[in-house]
Structures are given as structure tokens and as C-alpha cells.
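Hi everyone, thanks for making time. I'll walk you through one model today, so let me put it up on the screen.

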Amino acid sequence: MGWRQVLGFGHGRDAFFGRVRAAQLSALNRNVPFNIGLVTLNLIGVVWLLRDVAGSGFIAGWTATVAALAALRFVHYREALRHDLGETATTRQFWLITAEVAAYGVAWAVLMLRLLPGAHPDTQALLLIVSLTAMGAGGCAVAVMPICAIALMTTIALSTLAALPSGSLLARGEVACAFVTFAAMIIRSSLATTAALMARMRSQTELAEQGEVVRLLLSEFEANGSDWLIEVDAEGRLTHVSPRFAEVARQPREALMGTPLLTLFGPERRRSGRAPVKALTGSFAARRAFRDISVPVVVDGETRWWALSGTPKFDLQGGFTGFRGVGRDVTEVRRGQERIAELARFDPLTGLANRALFRDALDDALARAIRTAKPCALLFIDLDRFKAVNDSLGHSAGDRLLREAALRLRGAVGGGATVARLGGDEFAVLIPDASPRRAEAVATAIVAALARAFVVDGQTITIGASIGYALGPEDGASVEALLKSADLALYDVKSSGRGAACRFLPAFRERADERRVLEADLAQALDRGELALAFQPVVDAGDERIVGFEALLRWNHRRLGNIPPVKFIPIAEATGLIVPIGAWVLDEACAWAARWPEAVRIAVNLSPAQLDDDGLIETVEGALARHGIDPARLELEITEGLFLDDKPATIARLAALNAIGVSFAIDDFGTGYSSLGYLHKAAFRRIKIDRSFVARAAEANGEASAIIESIVRLARSLDMETTAEGTETRAEFELVRDLGCAQVQGYLFGKPMPPEQATALVNGVRVLTVAA
């Protein structure tokens, strides 16, 4: 926007300049009648006084001309009042008005050129004053039309100075300078005023456009968004209710207008909504902005949650007038948060308390027990054989089983207790104010409830449960100590055969401390050279020749001496140390077997943990290859418990080992898993009859003998051999031989011996002779 536009040129079809022209003409219409009217009256009075100088004919003609111009201006003025220029004016209207103003200037010039030359000096001075007055009045009237100001000022000033006779006392440079300076001041003022007008109107236009954009955005925001606008006065009453707000509140806009906002809040404001409502009213009272305060409201009898944000409003004098802001319905978000909070405290599968909530309850119960001297009971529950169900029937069946087990737990425990699922198949029960008798009764009831068969997906499943429990503060004065005590009691139950309940005893802690020491030392026993193998002979029952050895692991602790395998083998299996130790046993057994005659076999025990190891096949193949052992000489002994889980991966590894040429034997047959179906899952070569049957074989009732004979017949039908373990007397040997056992193993033919002694024994091809 340059000076050409300020003067009225170069506007083109721009709507903005149309509005500027309308504003200019409107201002002109307001100013011209009064200013020009007064000047004209003064001028008429002066002309009348100078009628002798001007002549009556000129006066009549000039007066008629000025009257015509005045009438024309009056007509245009009345039309403007009647029809209103509106928001825009054309360039034609603009230049017509400019021509009218210029005509006034020309009329004034004609008058001055007629009167000044023949007037008396005093009259000349009066006319100069009247001309200056006309310039001032005209300049004020056309203050926002610079082109009119330029036309009017130059015409009046130049004609007045030109009309002064050269001999006049007023025909001086000072007078001319005063006229020119006054005209320049008025023209400059008009230019500045018009430029300011245009700048202000441009700003107003831009603000109006921005306001329209904001209005459209807000309309779009309310129409398509989830938020709405809200406005309240200084008393908290609603002063603006948008359609979206009325829709969310489910009330007519008219009913909401003037309603105090706080009356919309429901009864929840006195419960979970107390804090946010207090925060909102505090912000109202302090007249400070607030953001995302979630408050409860009642909508059609339902409690909903709105998140409100607002800023205070102030009038031009700085007075507080209320708040303006936005709101949105966050009910679903809040429900989701409540659900997340619930999930953080409860198990989503069973609906029982989870570990975090249970820990908080245990903190409170133990503190109360210490304070009141009334003990609380903590029960740890493990589901027996759950893993086998999960692996065989799938996780969905396992989940249904867990839900059913949780229901039975609730029923067995009764009221007043906290039942929790800690994870997997681990549960816990907390009983406040529990006597030892009640704790035992609840534990017994849980064992009985979970021992009953479950029906899942049409299949009958029996699992059972093991429970260890402790009473606080007697068995633990801190939460950690009580948890440890219950865990030790559970470990004792699981080590003793499962399916029972046991209360913590101080001896459990001592055993746990011993186990912890052994566990740490066992991790280093291999590197320290504390582990060694002993070999026990396996003898042919027919000719009593040695046909093989069983490799048995021994641990000679540097401080504690010989540690029984029954103590350290379970630790190795529980910690996973059995895998590296088992690999060493395989390699060491093959290394010694390489020094024996080809006909002598070597038997090595495999634990379930080793069979779960992906590297087992490579370990066996490596040991055989390093020491040049024929795979047929290696026999791997497996216990019946391996098949409880019925893992496809286990069966696949057994098949892979069998493909190598390795044979298998079932160890301690008849003492574990009662089903014989697993005998078909791997190509077993041998059944080892447990020593408990051999020891009772000579008893009068003959039960053990019948069992041995049945096992022998079963083995023969499956093309398998039998080995009787634990044969310690000649009578036992002859009995099992007569019952059909092909091989025997026991103290009668040799205790476990160092590898050097076993090597010397077989290399001498010596037949063992035994005393009667």
C-alpha cells in the first residue's frame, strides 16, 4: 500500500479499497455540512459588505453558483443518509465527490480574483483571513481525502496570493510563505490521517479474516471433535452453551444458560471426585487458569467424567468477568485407566489378587499380627503336574484349568482371607487372625479340593497341590522372613513327594542354608577337580562275567568330604549345573570305556534337564568320537519320571540318539510313573528292576517275586533285557536269576570302585567269585 493508493489512484478492483473509499466518503458527509456551511455564511456576509466592489451582477452569479454546489452537495448528503453507502464505494463516487470539492475551490478562487485587486488594504486583510479560515475548514472536512485536500488547498492558496495587487502592503513573501506553509501542513495532515485510516482498516480486515478463520475452526472443532467450548461468568454461571456442549450434557441450551456449572456435578464429587472438584473451585476462587481437571457430572442419571480447561477473562478495566475454556468427555479414558489400575492389582486370568496387591495385604496383616499378638498365616500353593497339562493340552486348556483351580481355592479358603495368583501355577493365601489349627485346616482343605479331578474340554485331569505355610510373626517377623519360611516349607513338601501340606520348621532353614552353601560350591566343583566317577560292575546272571559298568558320580568336597549324591544331584538338576556336569560325566565315562574290552558296555544316567538341552546330541556324538567308542557300547539310563511331561522334543531327542546307535535303559522301574505306555515312545533295550523289589523278593508273601516275574515277562515280550539292582546276597542273586533276570548289579559282585580298579578288573578278564 503506497502513496498512490493513499491519494486514490491504483485501487483497481480490490474490495479493501472499496471499503476505504466508503469510509472516506462517510467521513466527508459528516464534516462537510457543518464546516462548509459556517464558512459559506461568513463568506456571504463578507461579500455583502463588499457588494459595491464586486458589483451586483457578479454577486448574483457567484451566489447562484455556490448555491447550486451547496444544493448538489445537500442532495448527495441526503441520498447518503437515505440509502447508506454500505461497506464499499465505487471509484466513480469517489471522483465525483472530489470534483465537487474542487468546484468549491474554483468558486473560491474566482471570488478572490474578483474582490482582492480593488479592495481597500483593510478589506484585503479581511479576505486573507477568510481564505485561511476556508483552508482550515476545508482541510478538516476532507481530512481523510488527500486528493481533495490538495485540490482545495492549492486552489484557494494560489488564487488568493495571485489576486493580491503587486502594490499592496500584503503582497509580501512572509504572507505567501504563511499561506504555502499552512496549505502544506493541511495536505500533510490529510495524507498522514488517510494513511493511518488505511492501516487501521487493513488491520481490522486482517483481524476480521482471522476472526472468521477462528470462528470457522471453532465451529469445525465443535462439529467434528470430541471437545466443546465452555464459558462462565464471575459467579460460575454458564454464559455460553455451544450446541456440542448441550449435546454432551443432554439438556437444551436454554436450560443450561445461566446454570451454575457446579450444579452439574454428581454425588461422585464427595467420593473419588472430591480432589478434582476442590481443585476446580480453588482455581475459580483464585481466578487462575486450570488445565485438564477431571470432574464427575451426572448425565441422564449416569455419572460421566469431564476434563475441563480454562483461563480467566477480564474486561477493559481489568475487572474479572469469568472463565473461558474447553471441555471433553473422558469417561471412557477414565474407565480404561481404572481397568489398568485394576489389572495392576488383580490377575486378569483368574480375578484373584496379584503379587503387588498380595504383598500390600501381607504388609498390613503382619503389622497387625505383631501389634495384636494374633498370628497371620501365609500359604504358598503350587499345582502339581500342571506343566504336563499345559504342554499336552495347550495353553488355552491350561488357562481354563487355572480359572477352575482359582474357584476351588476361593471355596476352600472361605471368607476373610486374601487369595492371590503369584504367577504361572503359583498361588498364595493370606489368613489374618489365624491360629495354627485354622491354618492347618485351610491347607488340608485346599489339598483335598485340588486333588479332585478336573474336567477340561471334556477330558478328566488330576493334578493335586503342594502347600507350604508359615505363621507370622512366629515363623517370620518381617515380610521377607515370612515369605522365605513359607517358601522353604513348600520346597520341603515338593522334595518329599508333593500332594501334601507342611508348616515351616526351623530345621528347614538350616537345610536351606546348607543347600545354599552346596549350591555355591558345586558351581566350582568341576573346575576344582572335586568331582570323580566310580564304576559299579554289571554281571551276566548266567556265567557271572562282567558285561558292563554303571558310571556313578561322586563329589569329594574339599572341606566337607564325600557329599552323598542324594544331596548334590537334586541341587545340580534344580540349578541347571547338571548339564555341564553331565557332559563331563559322559566324556569321562567314554574315556575310561575306551580302555576296556569291546564287549564291556558303559551305562551313564541322564536327567530330564539334560534331555531338555538342545546340545545333548552333539555332546554324546562328541564324546563317542573323541574316544573312539562304538555307540552300541553306550547305554543311557533314564527314569520313569521323564515321561510325566510327555514332551515331543524329548521323544525326538531319544529317537535321534537311538539313530546314532546308543541304547536306553529304564532305571528304577516300577517306582515312578505307573503307565507303561512310554515304553513304546523310545527303543528301550533294558529294564532295571528297582532294589526295593529285589530286597523283598525272598519274603514269604511272594508279592515282590511276582512283580519281578511280571516285569521279566513284560521285558521278554518287548524284546528287552532285565537287570536286577541292589543284589547284595547270594540268595537274592539266585532268586532273581531263577525268576529270569538276565543281569544283576549290586554289592554282591562289587561296590562302586575307582576307574583304575574297574579298568584293571576287566582287563584281567577275571571271573568274580562270591561266597555263599
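This is a predicted model: local features need pLDDT of at least 70, side-chain atom pairs count only at pLDDT 80 or more; totals for chains, interfaces and linings use all residues.

How far apart do the axes of helix H15 and helix H16 come, and at what angle do they cross? Residues are numbered from 1 along each chain as its sequence is written, and side-chain values use heavy atoms, with hydrogens and water left out.

Okay, the helices. The axes of H15 (residues 395–413) and H16 (residues 436–451) come within 9 Å and cross at roughly 145°. An axis here is a line fitted to C-alpha atoms, for helices over the stretch in contact, and angles run from 0 to 180 degrees between N-to-C directions. The helix and strand labels are DSSP runs, numbered from the N terminus: helices are H or I with at least four residues, strands are E with at least two. The H15 and H16 crossing is right-handed, meaning the near helix is turned clockwise from the far one by less than a right angle.

Who touches whom? On the H15 side we have Ala405, Arg408, Leu409, Ala412 and Val413, and they meet Arg438, Val442, Ala445, Ile446, Ala449 and Leu450 in H16. Contact means heavy atoms within 4.5 Å. Sort the residues of that contact and you get nine nonpolar, no polar and two charged. For that sorting, Ala, Val, Leu, Ile, Met, Phe, Trp, Tyr, Cys and Pro are nonpolar, Asp, Glu, Lys and Arg are charged, and the others, Gly among them, are polar.

Going across, E7 and E8 (residues 426–431) run antiparallel with five bridges, and Arg421 sits opposite Phe427 in E8. E6 (residues 376–383) pairs with E11 in the antiparallel sense over eight bridges, with Phe380 opposite Gly468. E11 and E12 pair in the parallel sense over three bridges, and there Tyr469 faces Arg503.

So is E11 buried or exposed? Eight of its eight residues (465–472) are buried, so E11 is largely enclosed by the rest of the structure. Buried means under 20% relative accessible area, exposed is over 50%, and partly exposed is in between, with a 1.4 Å probe and protein chains only. Both faces are covered: Ala465, Ile467, Tyr469 and Leu471 on one side, Ser466, Gly468, Ala470 and Gly472 on the other.

There's another open sheet of five strands, E2-E1-E5-E4-E3, and its pairing is antiparallel. E2 (238–241) and E3 (290–299) are the edge strands, and the twist averages 30° from one strand to the next. Seven bridges join E1 (residues 227–233) to E5 (residues 320–329), with Asp233 partnered by Gly322. Helix H11 (residues 274–286) packs on this sheet, touching E1, E3, E4 (302–314) and E5, and its direction makes about 120° with that of E3.

Last, cysteines. With a disulfide taken as a pair of cysteine sulfur atoms within 2.5 Å, the count is zero. Cys140 is partly exposed at 49% relative accessible area, whereas Cys741 is buried at 4%.

Key
Two strands pair if DSSP finds at least two bridges between them.
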